[in-house]
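Here is a short report for a reader new to this structure. Please look over the sequence and the 3D view before reading on.

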Amino acid sequence: MEVLYRSTRGTSGTVTASQAILKGLSEDGGLYVPTRIPALDIPVEELADMSYQEVAYQVMSRFFTDFTEEELRRCISRAYDSKFDTEEIAPLAKAEGAYFLELFHGATIAFKDMALSILPHLLTTAAAKNQVKNEIVILTATSGDTGKAAMAGFADVPGTRIIVFYPKDGVSPIQEKQMVTQRGSNTYVVSIRGNFDDAQTGVKKIFGDEKMKEELAAAGFQFSSANSINIGRLVPQIVYYVYAYAKLVKNGEIAPKDVVNVVVPTGNFGNILAAYYAKNMGLPIGKLICASNENKVLYDFFRTGTYDRNREFILTSSPSMDILISSNLERLIYRIAGEDAQKTRELMEALGSDGSYTVTSQMKEALGEFYGNYASEQETAETIRRIWKDCGYVIDTHTAVAACVYEKYRSETGDNTPAVIASTASPYKFARSVMEAIGGDAYDGMDDFQLVDELEKVSGVAIPDAVSQIRTAPVLHNTTVDADQMPEIVKKILGIG
Ligand SMILES: *Cc1c(COP(=O)(O)O)cnc(C)c1O
């Protein structure tokens, strides 16, 4: 049966999956959601014997119903290949009685790779299906991680180009090195004299520039974005929850139909929303445990029913979760509002104008399957150190926030249901914070690459290729411009104007 997509703010009608992927955001400002969540109508015993790619097909074919089997399988096999350093794609590791689902074995050693390695293929397939002849130009402003993961995904994908802008002095040395060494004849990296907001504002301006849009179309190009509200990023994230559950059954850790809890270190609310969708498909998930760092907007929301972004923005050691507006939460709001687009629009408009909104008591009740808590900076570091000391397993700062919140949940509730903790980054990606947590000031004065060597010694896990390669890789991009020159540089890259 066909699954269609409609906007959470509901003024336009429905679109097909491929149209939703092409558009990204709906014209009324809402996010695309499936008109119904399909059931996972396959016995778990069958899922247990499937490869990651096969599970991906089973899940994605139920959501992307206007893609043919051949199209979807081609997207999947191009995405989940040797770019990942393990055939399992998303392996499980057991420590302190919990199952860490390692989502960091892709090209940039963080979980964004799980979705961004397939999005380019979904997007180009969707373009072909909808008779779009233009070449697709992805424009992204990045504070470090997303831009690199997007480039790794789009590199050398026919029919696409990607241009990434980052703030010259606003990313870490390793992040900058990762970007300027990016290969692929269709990738372009430009640094901006300014901060991340300048880069972001510049990209938004280009997207809104009608004249530029016309010039691009005349030259056979059209812009698109790879940001995390695209349904083509959300659905691929459902896959690994199904895969993890099936593997736990296969390995005899749980029996079929046993309930598991899921713990997710959360920023934009995409990853945990995927777990919620998996639960709605029928996967036996109990509590959805939402872990925040000191930017604890979501913890406050689950506790009080009020979402309030009016607060200080705190820079933490888990920067990918330093977020005050969790965009994907809108999809949950829509569900708990009984799929009421008018109500959703009101709340989101209040968020835009006042920076806050409060859900009704009925909606708050519907949040009962979620549990929210947060970890302070000190608790995060202590968690890394404790799990390393007790189990010899080294986790990154984001995963540590989740592990810490899981401990709080267990001691508060006494609920010892088996739990899967989403492990969202390799500790090598955040080597400095991880080594400080483990060794205190013993590593003072070392540069980032020396810390990587120290991490290899204490963890016993080999340095991933993603890190060792950038040590010696040649710099391929060295353009720097002022923010107001961004439109010109885009045209120059595309050879127009
Ligand atoms: C993006 C990211 C997160 C947050 O995921 P959301 O889907 O935005 O909630 C957590 N950890 C890492 C390492 C990330 O890159």
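## The open sheet

Ile 192 stands opposite Val 481 in strand S15. This is a predicted model. Strand S7 covers residues 187–193. Four bridges join S7 to S15, and the two strands run parallel.

S7 and S15 belong to an open sheet of five strands. The order is S8-S5-S6-S7-S15, with parallel pairing. The edges are strand S8 (221–224) and strand S15 (479–482), each of which pairs on one side only. On average, neighbouring strands of this sheet are turned by 30° against each other, direction ignored. Strands of a sheet pair through backbone hydrogen bonds, either parallel or antiparallel.

Which helix packs on this sheet? Helix H22 does. H22 touches strand S5 (135–141), strand S6 (160–167), S7, S8 and S15. The direction of H22 makes about 150° with that of S6.

## An enclosed helix

Helix H7 spans residues 145–154. Nine of its 10 residues are buried, so H7 is largely enclosed by the rest of the structure. The buried residues are Asp 145, Gly 147, Lys 148, Ala 149, Ala 150, Met 151, Ala 152, Gly 153 and Phe 154.

What covers the buried residues of H7? The cover includes helix H5 (112–116), helix H6 (119–129) and helix H8 (173–180). It also includes strands S5, S6 and S7. H7 is followed by Asp 156, whose phi is positive, near 60°.

## Salt bridges

How many salt bridges does the structure hold? It holds 28. Side chains of opposite charge can pair when their charged atoms come close.

One of these bridges joins Glu 215 and Lys 491, with the closest N and O atoms 3.4 Å apart. The pair links distant parts of the chain. Glu 215 sits in helix H10 (residues 210–218), and Lys 491 sits in H22 (residues 486–494). They are 276 residues apart. Glu 215 is partly exposed, because its relative accessible area is 26% and that class runs between 20% and 50%.

Lys 408 and Glu 379 also meet in a salt bridge, at 3.0 Å from N to O. Lys 408 lies in helix H18 (residues 397–413) and Glu 379 in helix H17 (residues 377–391), so the pair ties together parts 29 residues apart in sequence. Glu 379 is partly exposed, with a relative accessible area of 26%.

Arg 471 and Asp 453 form a further salt bridge, at 3.3 Å from N to O. Arg 471 is in helix H21 (residues 465–472), and Asp 453 is in helix H20 (residues 448–459). The two are 18 residues apart, and the pair links distant parts of the chain.

## The annotated domain

Which residues does UniProt list for a domain? An unreviewed UniProt entry lists residues 98–420 as "domain: Tryptophan synthase beta chain-like PALP". The end C-alpha atoms of residues 98–420 lie 6 Å apart. The span is 48% helix and 18% strand.

Methods. Residues numbered from 1 in each chain as written. Predicted model: local features only at pLDDT ≥ 70, side-chain atom pairs only at ≥ 80, totals over all residues. Heavy atoms only, no water. Salt bridge = Lys/Arg side-chain N within 4 Å of Asp/Glu carboxyl O. Buried < 20%, exposed > 50% of the residue type's maximum accessible area, 1.4 Å probe, protein only. Pairing = 2+ DSSP bridges. Axes fitted to C-alpha atoms, helices over the stretch in contact; angles between N-to-C directions. Contact = heavy atoms within 4.5 Å. UniProt positions renumbered as here; feature names shortened; annotations may be inferred.
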